[in-house]
Amino acid sequence: MTKKTRYFLAGSAAVLAAGLGTGLVAYYTGGFQPVSASAVSNELRYVPADATVVAYADVRAIMDSDLRARLKEAMPMHEKGQQEFQAQTGIDIEHDIDYVVASLSTGLQKPAPLVVARGRFNDTQLEALIREHGGTVEDYKGKRLIVCTTSAHGDIPIQTGSVTLAFLEPGLIAIGDTAAVKTSIDAQLAAHSITSNNEMMELVSEIGQSNNAWAVGRFDVLASQANLPEQVSSRLPQLKWFAAAGHVNGGLSGSLRAEARDDQSAENLRDVVRGFLGLARMQAQADPRTSALIESLQLTGTGKTVALSFTVPAEVLQMIPKAVDAPR
């Protein structure tokens with residue numbers, strides 16, 4: 001596997017990982033401008049109806065946020081790798097990606113991650129890069145696919161299989177396992193996408209109206225297919241759905257929400273969270289700043305619903321220290 005191929009595969013793997021984790025990452029890090037779920041309705045048409053998890057993040061706003069600038073000062077990163085990746089792929093991660101919609105389907109033989117990204121991409125350069133190193137080009141139902149066989153080789157921990165890059169529409173690409181990409185194209189053409197899943201879309205519509213970073217999914221499906229030991233799975237809360245969302249407006253606010261199988265399971269979970277909050281408040285008494293953050297945690301929900309929200313004032317975010325240059 002050559003250096004150029006490793007750049008592309010590493011970038012693809014990074015996008016996949018970032019996309020799948022984007023709801024929770026955005027929930028914790030923030031840096032967004034309000035965008036409703038309807039803004040990505042076109043992209044959602046490429047997410048299969050049976051997707052177990054769906055997530056969204058406004059990458060453009062994250063990159064431009066004051067919080068990210070502050071974190072970048074506190075935790076400077078080497079830019080050489082990013083510049084080399086841009087030179088090979090033509091993608092400037094800082095400016096060329098607007099937002100991503102990610103999904104995970106677990107109904108196939110193996111989990112099938114998929115990322116659909118909106119932005120500005122040099123299609124010709126991407127295709128030439130992959131073809132130069134053994135990739136093949138094919139047409140699938142009117143969409144151009146570039147398939148690259150992968151293997152666990154060198155310093156890139158990717159399982160044997162194939163990663164496919166698909167040019168769905170101008171400015172819209174998909175990256176994922178070949179089967180997952182083809183399934184997403186089928187979903188769009190057959191109008192059998194996540195937009196036809198009423199339960200999932202109700203959650204998306206609800207949290208997408210006031211947040212521009214979110215993730216929703218079926219907790220029970222994930223737990224049942226995780227192959228966890230019996231002593232672990234038996235202790236998991238009996239949850240059906242989960243949702244996470246975040247929003248920044250001067251400070252940082254976010255929420256976690258879960259729907260249990262029944263009222264008793266929800267009450268049991270609320271008891272666990274109450275105990276955690278009580279312990280956290282006791283430990284935070286010596287630090288007023290930490291105490292203010294802990295006090296912002298609010299447990300709500302009735303019936304089968306459990307929700308936890310928090311708010312971090314801008315003053316707390318401004319306390320993030322800048323990195324100190326190491327002595328030379």
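In helix 8, the residues Thr178, Ala180, Val181, Ser184, Ile185, Ala187 and Gln188 are buried. Buried means under 20% relative accessible area, exposed over 50%, and partly exposed in between (1.4 Å probe, protein chains only). Helices (H or I, at least four residues) and strands (E, at least two) are DSSP runs, numbered from the N terminus. This is a predicted model: local features need pLDDT of at least 70, side-chain atom pairs count only at pLDDT 80 or more, and totals for chains, interfaces and linings use all residues. Residues are numbered from 1 along each chain as its sequence is written, and side-chain values use heavy atoms, with hydrogens and water left out.

Colleague: How far apart are the end C-alpha atoms of helix 8?

Modeller: The expected span of a helix is 1.5 Å times one less than its number of residues. Helix 8 has 12 residues, so it should span 16 Å. The model agrees: its end C-alpha atoms are 17 Å apart.

Colleague: Which residue has a side-chain oxygen that reaches the backbone nitrogen of Ala179?

Modeller: Look at the start of helix 8. A polar contact is a pair of N or O atoms within 3.5 Å; within protein, one must be able to donate a hydrogen and the other to accept it, and residues adjacent in sequence count only if both atoms are side-chain atoms. Here the oxygen comes to within 2.9 Å of that nitrogen, and it belongs to Asp177.

Colleague: Is Ala191 buried or exposed?

Modeller: Ala191 is in the loop between helix 8 (178–189) and helix 9 (198–208). Ala191 is not a glycine, yet has a positive phi of about 55°. Its relative accessible area is 64%, so Ala191 is exposed.

Colleague: What is the relative accessible area of Lys141?

Modeller: Lys141 sits in the loop between strand 4 (136–140) and strand 5 (143–150). Its phi is positive, about 50°, although Lys141 is not a glycine. Lys141 is partly exposed, at 49%.
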